[in-house]
Amino acid sequence: MGKSNSFKNSLLQLLFNNVDIADIGDAAGIQNSATAGSLYVALHTADPGAAGNQTTSECAYGSYDRVAIARSAGGWTVATNTAVNTALAQFPECSSGSETITYVSIGTSAYPTAGVILYSGALTASRSVSTGIQPQFAATAATVTEN
């Protein structure tokens, strides 16, 4: 069995916009968080895999850090079973070292904690990072689709 389109969208709204899912359990449904907080986008040099966490194959170039994006409509736009970043998501500029980024993940913790990965996927094209390069995702470029 698969999820209905309505539930897929509701699940994304709960995770990315901190919006309740109505009509599950009691009358209040599945509740949002008292404090919405952020989700953290991480870059990886290889597939972190289904058993991995945010530190699995995570980039480690000089000055690297995860990008925090608020769990709100200001951070993510959710529509038609898809969540996209609302604004530019810009990582720190590489100050030393070099790596090739091949995967991205969205997880629960700030760097360098081994947080839970909620979603991960391969980039459409790998990206080489070396001194002076600043990886980024333009607004609406980081896309999560609930299948």
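Q: What does "buried" mean here?
A: Buried means under 20% relative accessible area. Exposed means over 50%, and partly exposed lies in between. This is a predicted model. Take Tyr 64: its relative accessible area is 5%, so Tyr 64 is buried. Tyr 111 has 32% relative accessibility and therefore counts as partly exposed.

Q: How do I read a pair of aromatic rings?
A: A pair of aromatic rings is described by the distance of the centres and the angle of the planes. A search of the whole structure finds six aromatic pairs. One of them joins Phe 16 and Trp 76. Their ring centres are 4.7 Å apart and their planes stand at 70°, so this pair is edge-to-face.

Q: Which parts does the pair of Phe 16 and Trp 76 tie together?
A: Phe 16 lies in helix α1 and Trp 76 in strand β3, so the pair ties together parts that are 60 residues apart in sequence. Phe 16 and Trp 76 are both buried.

Q: What kind of pair do Tyr 64 and Tyr 111 form?
A: Tyr 64 and Tyr 111 form an edge-to-face pair, with 5.2 Å from centre to centre and 85° between the planes. Tyr 64 sits in the loop between β1 and β2 (67-70), and Tyr 111 in the loop between β6 and β7, so the pair ties together parts that are 47 residues apart in sequence.

Q: Which residues do ring pairs link into a cluster?
A: The cluster holds Tyr 61, Tyr 64, Phe 91, Tyr 111 and Phe 137. Look at Phe 91. Leaving out residues up to four places away in sequence, Phe 91 touches residues including Val 41, Leu 43, Tyr 61, Tyr 64 and Phe 137.

Q: Which residues touch the most other members of the largest nonpolar core?
A: That core has 25 residues, and Phe 16, Val 41, Leu 43, Phe 91 and Phe 137 touch the most other members. The elements giving two or more residues to this core are α1, β1, β2, β3, β6 and β7. The largest share, four residues, comes from β1.

Q: How do I read a helix?
A: An α-helix has 3.6 residues a turn, so residues three or four places apart point the same way. Now the case here. Helix α1 covers residues 5-17, 13 residues in total. From first C-alpha to last, α1 reaches 17 Å, close to the 18 Å expected at 1.5 Å a residue. Among the buried residues of α1 are Lys 8, Leu 11, Leu 12, Leu 14 and Phe 16. Just after α1, Asn 18 takes a positive phi of about 60°.

Q: What does α1 lie across?
A: Helix α1 lies across β3, β4 and β9, and runs at about 170° to β3.

Q: In what order do the three strands of the open sheet stand?
A: The order is β3-β4-β9, with antiparallel pairing. The edge strands are β3 (76-79) and β9 (143-145), each pairing on one side only. Neighbouring strands of this sheet are turned by 15° against each other on average, direction ignored. Strand β4 (residues 82-85) and β9 are joined by three bridges. Val 84 stands opposite Thr 143 in β9.

Q: How many bridges join β1 to β6?
A: Five bridges join β1 (residues 38-44) to β6 (residues 98-107), and these strands run antiparallel. The bridge partner of Tyr 40 in β6 is Gly 107. Strand β6 is also joined to β7 (residues 117-130), by nine bridges and again antiparallel. There, Ser 98 has Ser 130 in β7 as bridge partner.

Key: Residues numbered from 1 in each chain as written. Predicted model: local features only at pLDDT ≥ 70, side-chain atom pairs only at ≥ 80, totals over all residues. Heavy atoms only, no water. Pairing = 2+ DSSP bridges. Expected span 1.5 Å × (residues − 1). Buried < 20%, exposed > 50% of the residue type's maximum accessible area, 1.4 Å probe, protein only. Axes fitted to C-alpha atoms, helices over the stretch in contact; angles between N-to-C directions. Contact = heavy atoms within 4.5 Å. Phe/Tyr/Trp six-rings, centres within 6.5 Å; stacked < 30°, edge-to-face > 60°. Core = buried A, V, L, I, M, F, W, Y, C linked by side-chain atoms within 4.5 Å.
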